[in-house]
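Please view the structure first.

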Amino acid sequence: MATASTASRITRKIVIAVKKAASRNKGWYDLHMAAASGAIAQRLPLVDLVAEIRDARIPLSSENELLRDFPALSKRIVVMNKIDLADQTQVKGWMRYFEQQNCIPYGVNSHNKDSVKGLLNFIQAQVRGLCKANHHASETITIMLVGIPNVGKSALANSLHQMGRISAAEKGRLKHATVSPQPGETKDISSFKIGSHPNIYLLDTPGILPRMIHDAELCSKLVLTGAIRDGLIEQKELARYFLTILNLSDQYKKWAKFSTNEDRLLSFIEHKVEDSISSKLEMRQKKQHMMDHTQDLIVNDVRGTIFDTISCFDGNIELEEDMIKLMEAELVALREAFRVPQGLGEYVYNRVVSVKLLDLYRTGRLGHYTLDTLPLTLHHPI
């Protein structure tokens with residue numbers, strides 16, 4: 001299929017750029033990651049339980065390959081973080097898949113207190129079950145958090161530590177793991193207490209990636225979701241990769257109400273609102289919103305611009321050449337939606353639009369996507 005070749009061509013460009021950076025010792029695998037890999041490997045056999053944190057947008061691609069060297073740890077918790085950014089219709093299917101892989105799955109949003117509280121209760125229940133099954137006499141249980149960079153391990157460690165201390169009514173200074181939107185900020189293994197009777201400690205570890213990544217699609221997914229830092233490639237190529245995903249989905253159809261095309265907007269309102277007076281009011285409000293440059297309204301303008309550009313495109317996106325034309329048209333149209341000042345030059349235009357577009361994708365403002373395909377080994381229909 002031509003659209004598949006378009007994505008393949010873009011992913012090849014991304015991989016070439018990443019490999020070039022790696023050859024200049026500017027890649028993702030540095031001395032800190034090498035040292036952390038050794039330290040984690042030494043401690044893994046000593047912990048009571050392993051919780052592997054994965055990105056729910058890429059449940060397979062965010063696997064920590066280091067764990068493959070420890071088959072005895074196959075029975076482990078797989079925490080799919082960032083479920084708020086993933087396609088909700090696929091979450092249950094992935095949970096079922098991990099159960100079939102002899103893992104204990106759990107989905108969480110590390111920025112939602114109730115969600116993290118549910119994870120804390122889940123972990124404490126698993127610990128109680130572990131102690132009961134193994135007649136555990138120790139008063140201390142150690143759980144290691146492992147994962148690739150930027151899946152939210154440190155954010156979860158901080159939240160679980162805070163909630164665990166509060167629920168146990170313990171006093172004292174709270175510890176804080178370093179949290180950053182950039183991958184690779186955690187350099188050392190840190191311990192955080194999250195429960196009492198028995199005492200439960202989390203070991204927050206640095207994110208680990210393989211020294212080499214040969215699969216182009218895997219590498220592209222890791223860059224797009226932020227596991228590999230952006231600076232290794234041109235932002236425009238990464239934005240084009242995301243636009244390929246968006247253009248092949250039905251997500252944009254949900255944005256008709258944000259259309260900046262007055263005829264399209266009026267058509268949408270007439271179908272959604274029976275009262276003509278209400279329709280006119282909504283139209284006036286829309287015109288007022290277009291003069292307001294607040295963040296939410298800019299996001300809505302971006303959605304409307306993407307909707308208009310795709311809806312007006314008369315090419316066939318199944319053809320590679322037409323898909324490329326559509327992406328270029330979107331990047332140009334988005335300059336106005338993002339309020340990019342004129343006179344910056346083509347390169348700066350593309351970079352500014354691409355950075356803003358990727359930020360909206362990564363924060364879930366442009367839809368929720370699961371980039372991995374559920375393996376066919378799933379025995380039951382979703």
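## A histidine in a loop

The model is predicted. His214 lies in the loop that runs between β6 (199-204) and α6 (216-224). Its relative accessible area is 62%. That is over 50%, so His214 counts as exposed.

Which residue lies 199 positions from His214 along the chain, with its C-alpha atom 8.2 Å away? The residue is Val15.

## Helices α10 and α11

Two packed helices are described by the angle between their axes and by the distance between those axes. Here the pair is α10 (residues 295-312) and α11 (residues 320-337). Their axes come within 9 Å. They cross at roughly 150°. The cut-off for roughly antiparallel is over 145 degrees, so α10 counts as roughly antiparallel to α11. The crossing of the two helices is right-handed.

On the α10 side, the contact is made by Ile298, Asp301, Val302, Thr305, Ile306, Thr309 and Ile310. On the α11 side, Leu326, Ala329, Glu330, Ala333, Leu334 and Ala337 meet them. By class, the contact of α10 with α11 holds nine nonpolar, two polar and two charged residues.

## Cysteines

A disulfide is a covalent bond that joins the sulfur atoms of two cysteines. How many disulfides does the model count, with sulfur atoms required to lie within 2.5 Å? The count is zero.

Cys131 has 14% relative accessibility. This is under 20%, so Cys131 counts as buried. Cys312 has 48% relative accessibility and counts as partly exposed.

Key:
Residues numbered from 1 in each chain as written. Predicted model: local features only at pLDDT ≥ 70, side-chain atom pairs only at ≥ 80, totals over all residues. Heavy atoms only, no water. Axes fitted to C-alpha atoms, helices over the stretch in contact; angles between N-to-C directions. Helix = DSSP H or I, 4+ residues; strand = E, 2+ residues; numbered from the N terminus. Parallel < 35°, antiparallel > 145°, perpendicular 65-115°, else oblique. Left-handed = near helix turned anticlockwise from the far one by under 90°. Contact = heavy atoms within 4.5 Å. Nonpolar A, V, L, I, M, F, W, Y, C, P; charged D, E, K, R; others polar. Disulfide = S-S within 2.5 Å. Buried < 20%, exposed > 50% of the residue type's maximum accessible area, 1.4 Å probe, protein only.
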